[in-house]
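Trainee: I would like to learn how to read a structure like this one. Where do we begin?

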Amino acid sequence: MIQFALKRIWQSIPVILGVIIITFVLMYIIPGDPVISMVGERFDESRIEELRNELHLNEPLWKQFLVYMGNVIQGDFGRSFITDRPVMEDLLDKLPNTAMLAAAAMFFAVLIGVGIGIISSLRPNTILDRGIMIFALAGISTPVFWLGLMLALFFGVYLQWLPPTGFGGLEYLILPAITLGLRSAAYLARITRASMLDVLNKDYIRTARSKRLPEWKVVLKHALPNAFIPVITVIGTDFGSYLSGAVLTESIFGWPGIGRFALDAILKRDFPVIQGTVLFMAIVFICANLVVDILYGVIDPRIRAERSNHAN
Amino acid sequence: MQTKGIWQIAWQSMRSNAAAMGGLFMVALVMLLGAFAPVIAPMHPATQVLDFRNVPPGFHGKVIRFKYAPALPEQIEAVTSVKKTDLHIEFVNLAGKARTIARSQYISEDNVYYLLGTDHFGRDIFSRIVYGARISLIVGFSASTISMLIGVILGAIGGYRESFASKLIMRFTDVMFGFPALLFLIGITAAFDPSLTVVFLAIGFVSWPGMCRLMRGQVLKVREELFVSAAKTLGFQSQRILWRHILPNCLAPILVTYTLGIAGAIMAEASLSFLGLGAQPPTPSWGAMINNGKDFIRTAPWISLSPGIAIAITVLGFNLLGDGLRDALDPKMQGK
């Protein structure tokens, strides 16, 4: 088991390396001189030259990359052009807020998505099932940012049940979490239904039913754990993308997380922050997927065997 | 007995699938809106009637159009009454002020009806939604086409034969999967001056890895089939086998992914435009319209409401269609 985990970690190193190369290249091909955008155009030549040397911009490309790589490995993601604060420090400051939102969204998504997915799978091809599936597809097709605005308007402004925007106690968390989680809830409902339908046709379910086990026991104890593997993938990848992709939700609700931080940087064209955030989030995303993959191995020994062989 | 081809069987299966036909209907509706926008839209999407800013859905009004001089742009003013004489046109504007213009300056007098209200520039939201269908469809189709081309070519190379290139491609795909898609897109579009071209190129160049993996999986499966061995035995070149024998057998899943890719691209464009990184004003992009309405959400919620519904219907249409195609083209699903 540990061997499997170590192998998966080892395999993800080239991916992270690739991500670092792409973020580096991306910032390199951006039109415009980073030093000019850093100090403005009114600075004199000598100061600009000084800064170029400081940032190693006069060195050949491969040397610049090595310097960048070295810094990244030491956790130095550069400094903001605007506040001059280390990007890493700001990111770590905001990570807990984003993580809290992501966890709440995931909780909502699993509760609703898996719940209605199971209900749907127990009554396949009925009106209830069709209705749930159309609702789920509508949830996937609704733009997150629009849904957030409408929820804030309806529950925050018209009904005044919850604060429409802002950051604070639990009541501030509810609307953003629903907004962020609804898409996954819809997706999870679809996956859970499909996976449950698959499992419910298996022989061991028939066996369990023929033993006259109560139906809830058959569903929750025999079918659900076996149907859960594809569900976990979705939970894992979505959670990873929440940690990084809450840009829209955070900007609508004024949530002080990483997504809004990234968006602010983009609007101010603060390139080190953009670069640092994209890289940081990609690494978080890869790590989340890695954890899911390892979890897979823990849950299902077949996958452990299969993937270890595949890697050889 | 006549045998039916896969596409014929698929179409029959699609026709009996209500959800898929619903999707097809929604997609067709949006396409018609886009194609006949100038006929359907009552106004030009950029026309501003400043007297009718933020008016609610269902609002009636009367406007007069005139030009001070032939070279100057057309003026539009809301009026309560218009009186025509042989030489002059007299009208009373909303503030109750009477004005007179020469007959030669006068263009027309129109009753306007705002089905979905107006935005804060007094532009007709319905007309902007109709024209916005063009933006969404153009971006959706072109971005999905780009990502399909990249994905199919790289996936085919990656799956057909073990080589250094195929390994490199699959590692590169892994790396691309490592980026959270939306943040990566935002980063790329932010680096350039925002425009629709940047948006669809960026979406196309970011969203191909799914297609690539799919294609590779298909090629890995199909290349073991007997007809491929037969083609090899006949001495066909691998290029020909790949594109003439293997590719046609992968078309069904490619088409499904392509259709779902359009839905994804439309959503991505809307998200980018909502953040101000996509279409620039006055382009009537649905995402940008929701963004415009954000600041008036309490007083004029209709500005943001209807473009969101338009996005949801379009994306839902392509999703339903893609799902339906998957069910119809997958032989395992037949009869279920």
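Mentor: We begin with a definition: contact means heavy atoms within 4.5 Å. Keep in mind that this is a predicted model.

Trainee: Which residues does A:Arg193 touch, not counting residues up to four places away in sequence?

Mentor: Under that cut-off, A:Arg193 touches A:Gly117, A:Ser120, A:Ser121, A:Asn125, A:Asp129 and A:Met133. A:Arg193 itself lies in helix H8 of chain A.

Trainee: Is A:Arg193 buried or exposed?

Mentor: Buried means under 20% relative accessible area. A:Arg193 has 16%, so A:Arg193 is buried.

Trainee: Now take A:Ile132. Where is its place in chain A?

Mentor: A:Ile132 sits in helix H6 of chain A, residues 127-141. Its relative accessibility is 11%, so A:Ile132 counts as buried. Leaving aside neighbours within four places in sequence, A:Ile132 is in contact with A:Ile116, A:Ile119 and A:Ser120. A:Ser120 is also on the list for A:Arg193.

Trainee: Let us step back to the whole of chain A. How many helices and strands does its secondary structure come to?

Mentor: Chain A has 14 helices and 0 strands. Its C-alpha atoms fill a box of roughly 85 × 60 × 30 Å along the principal axes. Of its 312 residues, 48% count as buried.

Trainee: How is chain A divided into domains?

Mentor: Domain 1 of chain A covers 2-73 and domain 2 covers 95-256. Taken over C-alpha atoms, the centres of these two domains are 38 Å apart.

Trainee: What share of the contacts in chain A join residues at least 24 apart?

Mentor: Count the contacts between residues at least 6 apart in sequence. In chain A, 73% of those join residues at least 24 apart.

Trainee: What about surface and charge in chain A?

Mentor: Chain A exposes about 15700 Å², and carbon and sulfur atoms supply 63% of that. There are 27 positive and 25 negative side chains in chain A. The centres of these two sets lie 17 Å apart.

Trainee: Chain B next. How many helices and strands are there in chain B?

Mentor: Chain B has 13 helices and 5 strands. Its C-alpha trace spans about 90 × 55 × 40 Å along the principal axes.

Trainee: What radius of gyration does chain B have, and what would a compact globule have?

Mentor: Chain B has 26 Å. A compact globule of 336 residues would have a value near 20 Å.

Trainee: How much of chain B is buried?

Mentor: Buried residues make up 49% of the 336 residues in chain B. Helix H6 of chain B, residues 181-191, is mostly covered, with 9 of its 11 residues buried. Among them are B:Leu183, B:Phe184, B:Leu185, B:Ile186 and B:Ile188.

Trainee: And the surface and charge of chain B?

Mentor: The accessible surface of chain B is about 16000 Å², with 63% belonging to carbon and sulfur atoms. Chain B carries 29 positive and 19 negative side chains, and the centres of the two sets lie 8 Å apart.

Trainee: Which backbone values deserve a look?

Mentor: Most residues other than glycine have a negative phi, and most peptide bonds are trans. Look for the exceptions.

Trainee: What is phi of A:Gln160 near?

Mentor: Phi of A:Gln160 is near 55°, a positive value. A:Gln160 lies in the loop between helix H7 (144-158) and helix H8 (170-200) of chain A. With a relative accessible area of 62%, A:Gln160 is exposed.

Trainee: And B:Asn54?

Mentor: Phi of B:Asn54 is near 50°, again positive in a residue other than glycine. B:Asn54 is in the loop between helix H3 (37-40) and strand E1 (59-66) of chain B. Its relative accessible area is 22%, so B:Asn54 counts as partly exposed.

Trainee: Which form does the peptide bond from B:Pro281 to B:Pro282 take, cis or trans?

Mentor: That bond is cis, with omega near 0°. B:Pro282 lies in the loop between helix H11 (251-274) and helix H12 (286-294) of chain B.

Methods. Residues are numbered from 1 along each chain as its sequence is written. Chains are lettered from A and ligands numbered from 1 in the order in which they are written. This is a predicted model: local features need pLDDT of at least 70, side-chain atom pairs count only at pLDDT 80 or more; totals for chains, interfaces and linings use all residues. Side-chain values use heavy atoms; hydrogens and water are left out. Helices (H or I, at least four residues) and strands (E, at least two) are DSSP runs, numbered from the N terminus. The radius of gyration is taken over C-alpha atoms; the globule rule is 2.2 Å times the number of residues to the power 0.38. Buried means under 20% relative accessible area, exposed over 50%, partly exposed in between (1.4 Å probe, protein chains only). Accessible areas come from the Shrake-Rupley method with a 1.4 Å probe; for residues, only the protein chains shown count as cover. Lys and Arg count as positive and Asp and Glu as negative; His and the chain ends are not counted. The place of a charge is taken as NZ of Lys, CZ of Arg, CG of Asp or CD of Glu. Domain bounds come from an automatic or database domain assignment.
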